[in-house]
Amino acid sequence: MKFAIALYSAAHAPSSRRALRFAEAALAGGHEIVRLFFYQDGVHSASSNIVTPQDEQDIAQQWTTFISQHQLDGVVCIAAALRRGVLNEDEAARYQRPGVNLKAPWELSGLGQLHDAIQSADRLICFGGP
Amino acid sequence: MTKSLLIISRQAPWSGPGAKEALDIVLAGGAFDLPIGLLFMDDGTFQLVPEQNAAALQQKNLTANLQALAMFGVEDLYACRHSLNERGISPAGLAVADVQPLSAEEVRAVIDRYDQVITL
Amino acid sequence: MSTLHVVSHSPFSDTRLGSCLRLLGSEDALLLCGDAVYALQLQGSALTSLEDKNVFILEEDLLVRNLECPIWATGVDYPAFVELSIHYDKVNTWL
């Protein structure tokens with residue numbers, strides 16, 4: 001089964017953790033994840049500037065590790081990210097902003113990538129809210 | 001085969017970028033000629049109230065974007081009749097033409113008809 | 001076509017579960033997770049309206065809240081959540 005997974009909440013939201021655990025279980029079950037798409041406040045789940053207290057689980061870090069380890073396609077919506085101050089090196093330079101908080105394995109791209117993922121997957125699963 | 005997508009928009013127009021970001025998914029789908037439908041439900045039906053004044057909050061006119069949907073190839077527009085009634089919004093005078101008000105039963109049938117659905 | 005509806009907002013502070021129940025079909029199912037599992041604390045007719053539906057509940061969200069899975073619902077872990085999402089034709093998460 002091919003899954004497209006879309007996340008709409010920040011790393012501190014329980015739904016971000018839920019999405020990650022679902023994605024892990026999907027791969028463990030022998031399924032494929034064609035793309036992870038981060039939209040709305042989900043762009044914050046991709047931020048590399050999140051500092052989690054040492055005695056708490058670091059979901060942002062776990063996302064990065066998960067995507068790198070499995071060489072998944074992690075796409076962050078560029079319009080949603082710019083609006084919320086999640087910038088990679090190119091965008092920080094383009095808009096002359098002081099901070100870069102989006103790095104590999106993440107890529108910035110448009111909503112076309114969400115539609116493309118929906119077309120190539122058997123199932124779209126969205127996570128967001130609390 | 002191309003998969004169809006239904007967007008269920010539940011956010012009021014002036015409560016942040018939610019309504020516009022739902023619409024952006026629809027517009028992007030329309031730009032790729034994908035079969036896409038838009039259903040207004042709950043507070044999302046407030047997007048259909050006529051003569052709203054975006055300028056009062058120095059915002060962009062969301063209604064104009066909704067009215068342009070047909071130009072982007074998005075013609076399947078629906079509204080939940082229960083949500084309209086609950087909020088005292090008359091289905092006769094909506095700001096966007098050709099929005100079909102649907103009963104709960106019809107909403108269920110519309111959801112059934114689409115391959116995938118995003119409710120936001 | 002069947003739909004798995006996923007709700008994570010508490011029914012005591014949010015309208016998502018109510019709206020979802022209004023259009024849930026007999027082929028459809030409901031997965032409660034996060035604060036939506038507080039739906040088990042609904043009283044009277046609000047609770048009985050849930051009991052005749054196909055209801056699944058994410059087990060970890062029951063455990064963390066010291067709630068038990070009622071006999072009319074089925075507790076699921078993540079592998080079972082994945083299988084549910086395959087069993088139903090589509091998944092509609094009330095974001």
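Colleague: Which residue stands opposite C:Val7 in β2(C)?

Modeller: Strands, like helices, are DSSP runs numbered from the N terminus (E, at least two residues, for a strand; H or I, at least four, for a helix). In β2(C), C:Val7 stands opposite C:Leu32. Please note that this is a predicted model, in which local features need pLDDT of at least 70 and side-chain atom pairs count only at pLDDT 80 or more, while totals for chains, interfaces and linings use all residues. Residues are numbered from 1 along each chain as its sequence is written, and chains are lettered from A and ligands numbered from 1 in the order in which they are written.

Colleague: In which sense do β1(C) and β2(C) pair, and over how many bridges?

Modeller: Two strands pair if DSSP finds at least two bridges between them. Strand β1 of chain C, residues 3–7, pairs with β2(C) in the parallel sense over 4 bridges. Within β2(C), C:Leu30 is the bridge partner of C:His5. Between these two strands the chain passes through helix α1 of chain C (residues 16–23), and this β-α-β crossover is right-handed; that is, with the strands pointing away from the viewer, the path from the first strand over the helix to the second runs clockwise.

Colleague: Which other strands pair with β2(C) and with β1(C)?

Modeller: β2(C) pairs in the parallel sense with strand β3 of chain C (residues 55–58), over 3 bridges. There, C:Ile57 in β3(C) is the bridge partner of C:Leu32. From β2(C) the chain reaches β3(C) through helix α2 of chain C (residues 44–51), again as a right-handed β-α-β crossover. β1(C) also pairs with β5(C), in the parallel sense and over 4 bridges; in β5(C), C:Lys90 is the bridge partner of C:Thr3.

Colleague: Which way do the residues of β1(C) point, and are they buried or exposed?

Modeller: A residue is buried if 20 or more other C-beta atoms, placed from the backbone, lie within 10 Å of its own, exposed if 12 or fewer do, and partly exposed in between. C:Thr3, C:His5 and C:Val7 point one way from β1(C), C:Leu4 and C:Val6 point the other way, and all are buried. Since 5 of the 5 residues of β1(C) are buried, this strand is largely enclosed by the rest of the structure. In β2(C), which covers residues 29–32, C:Ala29 and C:Leu31 point one way and C:Leu30 and C:Leu32 the other, and all of these are buried.

Colleague: What pattern does chain C follow along the sequence?

Modeller: Chain C follows β-α-β-α-β-α-β-α-β, with 4 helices and 5 strands. Its radius of gyration is 12 Å, close to the 12 Å that the globule rule gives for 95 residues, so chain C is as compact as a globular protein of that length. The radius is taken over C-alpha atoms, and the rule is 2.2 Å times the number of residues to the power 0.38. The C-alpha trace of chain C spans about 30 × 25 × 25 Å along its principal axes, and 43% of the 95 residues are buried.

Colleague: How many helices and strands has chain A?

Modeller: Chain A has 5 helices and 5 strands, in the pattern β-α-β-α-β-α-α-β-α-β. Of its 130 residues, 51% count as buried. Its C-alpha atoms fill a box of roughly 45 × 40 × 25 Å along the principal axes.

Colleague: How many residues of chain C are in contact with chain A?

Modeller: Two residues are in contact if their C-beta atoms, placed from the backbone, lie within 7 Å. By this test, 14 residues of chain C are in contact with 18 residues of chain A. On the chain C side, α4(C) gives the most, with 6 residues. By class, that side has 8 nonpolar, 5 polar and 1 charged residues. Here Ala, Val, Leu, Ile, Met, Phe, Trp, Tyr, Cys and Pro count as nonpolar, Asp, Glu, Lys and Arg as charged, and the others, Gly among them, as polar.

Colleague: How many residues of chain A are in contact with chain B?

Modeller: 14 residues of chain A are in contact with 14 residues of chain B. α5(A) gives the most to the chain A side, with 5 residues.
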